[in-house]
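Trainee: Could you walk me through how to read a fold, feature by feature? I would like to start with the sheet and then move to single residues.

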Amino acid sequence: MRVAVLGAGTMGHGIAQVTAMAGHDVTVRDIETEYVENGLESIEANLEGGIERDKVTREEADAALERLSGTTDLADAVEGADLVIEAVPEDIDLKTGTLEDVEALVDDETIVATNTSSLSITEIASVAERDGRVIGLHFFNPVHIMGLVEIVVAEQTDDDTVQFAHEFVDNIGKTPVEVTDSPGFASSRLGVALGVEAIRMVQEGVADPRDVDAAMELGYNHPMGPIELGDVVGLDVRLDILEYLREELGERFRPPQALKRKVRAGKLGKKTGEGFYVWEDGEIVGVSGEYEGDDGEDGDDRGGAN
C-alpha cells in the first residue's frame, strides 16, 4: 500500500514510522524542507533507539527507512496514494483546507484520514465531495510506542471506509477502538476531564503536582500521572481542547486559571523545558514555581492576556 502522511511533526513522523515498519511505502510531506528533514531524522533516531533496546533489528530499521521518502510538494506526496493521513496542526480551517487540496489531487477511491484529538470529523468531512471516504484516525504520542488508535466515524463515513480503517490499524500492529464522532471522542474527553481536575487540585493547594501524579500512578496503575501527561502533550494543546469542549459540552470543561497562566507565560511543558514541571533533556528535574489557590475560581482573568 502507498501512504502519504501530511505533516512531519511529532505525530506525523510517528505515524510514518509505524506505517513504514509495517511494510508500506510512505511519503512524508511538510511545508518546509527543514521540517521534512527533521521528521525523517527523528524517525531514524527512534529506530536507532529501538535497535539499542533490542526492540528492532538493524535489517528491520534499514527496510523501513528504504520505504520512506520526504517532499514539500503536495501533489508528489499524494500521487497514487491509497491512504492519505493528515497530521497538520489542530486548526479546523487548516484541516479543511488541506482536505480540499488533497481531494483535488487524489483518485476517487483514496481514503483520507485526519489525525485530530478532538475536532469534529463530520465538520472536516463536510468540505469534501467524496465525504464517505473521510474518517478520523486518532493516534497517540509517542506513536511508535502507544498501542491505541481511535477510529472516529463521521456522519458521512461509509462502511467500506470504516472497514478499511480497521484493517489498516490492525496491519500496523495497533489496537483499534471505534467511536462515533462527538466532541473529544472517547479518549480526549475522558483524558482531559481527569487532567483538568488534577490541575484544579494543584491550583487549590490540595496537593503538589508530584503527589497528584503519584496518586494516579500508584493508586490506579496509570503509567503516567495527569499533570505530567499534560506537560508531555503540551499545555497549549490541553488548553485548546478544553476551550473547544467547553464550547461544545459546557462549563465542566472550563480551563483553570493555572493552565491559562502557564500558556500565557509560554511554559507549555516538556517541549519548552517548563510547564507544571521543569524538564531537562526530556526528563523531569523539578516542579515549577509555587501553586497558589485561586479561591476555587476558574472565571475569566481580566488581566492583560497575550
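This is a predicted model: local features need pLDDT of at least 70, side-chain atom pairs count only at pLDDT 80 or more; totals for chains, interfaces and linings use all residues.

Trainee: In what sense does β1 pair with β2, and in what sense with β4?

Mentor: Strand β1 (residues 2-6) pairs with β2 in the parallel sense over five bridges. The pairing of β1 with β4 is also parallel, over four bridges.

Trainee: Which way do the side chains of β4 point?

Mentor: In a regular strand the side chains alternate between the two faces of the sheet. In β4, Leu-83 and Ile-85 point one way, while Val-84 and Glu-86 point the other way, and all of them are buried.

Trainee: How many bridges join β4 to β5, and which helix makes a β-α-β unit with them?

Mentor: Four bridges join these two strands, which run parallel. Together with helix α5 (residues 92-103), β4 and β5 make a right-handed β-α-β unit.

Trainee: Let us turn to helices. How many residues does α1 have, and how far does it reach?

Mentor: α1 has 12 residues and reaches 17 Å from its first C-alpha to its last, close to the 16 Å expected at 1.5 Å a residue. The helix is mostly covered, with 10 of its 12 residues buried; among them are Met-11, His-13, Ile-15, Gln-17 and Val-18. Just after α1, Gly-23 takes a positive phi of about 105 degrees.

Trainee: What does the same check give for α11?

Mentor: The 15 residues of helix α11 (residues 235-249) should span 21 Å at 1.5 Å a residue, and the end C-alpha atoms are 20 Å apart, which agrees. Its buried residues include Leu-235, Arg-238, Ile-241 and Tyr-244. What do the buried residues of α11 pack against? They pack against α8, α10 (226-233) and α12. Just after α11, Gly-250 takes a positive phi of about 115 degrees.

Trainee: Now some single residues. Is His-24 buried or exposed?

Mentor: Relative accessible area is the number to read, and buried means under 20%. His-24 has 8%, so it counts as buried. His-24 lies in the loop between α1 (10-21) and β2 (25-29). Its side chain makes a polar contact with the side chain of Asn-171 at 2.5 Å. Beyond its near neighbours in sequence, up to four places away, His-24 touches residues including Met-1, Val-3, Arg-67 and Phe-168.

Trainee: Where does Asp-181 lie, and what does its side chain reach?

Mentor: Asp-181 lies in the loop between β8 and α8 (187-203), and it is buried, with a relative accessible area of 15%. The side chain of Asp-181 reaches the backbone nitrogen of Ile-121 at 3.2 Å. Along the chain Asp-181 and Val-152 are 29 residues apart, yet their C-alpha atoms are separated by 5.5 Å.

Trainee: And how does Arg-264 count in terms of accessibility?

Mentor: Arg-264, in helix α12 (residues 257-264), counts as partly exposed at 31% relative accessibility. Arg-264 and Gly-275 are 11 residues apart in sequence and 11 Å apart in space, C-alpha to C-alpha.

Key
Residues are numbered from 1 along each chain as its sequence is written. Side-chain values use heavy atoms; hydrogens and water are left out. Buried means under 20% relative accessible area, exposed over 50%, partly exposed in between (1.4 Å probe, protein chains only). A polar contact is a pair of N or O atoms within 3.5 Å; within protein, one must be able to donate a hydrogen and the other to accept it, and residues adjacent in sequence count only if both atoms are side-chain atoms. Contact means heavy atoms within 4.5 Å. Two strands pair if DSSP finds at least two bridges between them. A crossover is right-handed if, with the strands pointing away from the viewer, the path from the first strand over the helix to the second runs clockwise. The expected span of a helix is 1.5 Å times one less than its number of residues.
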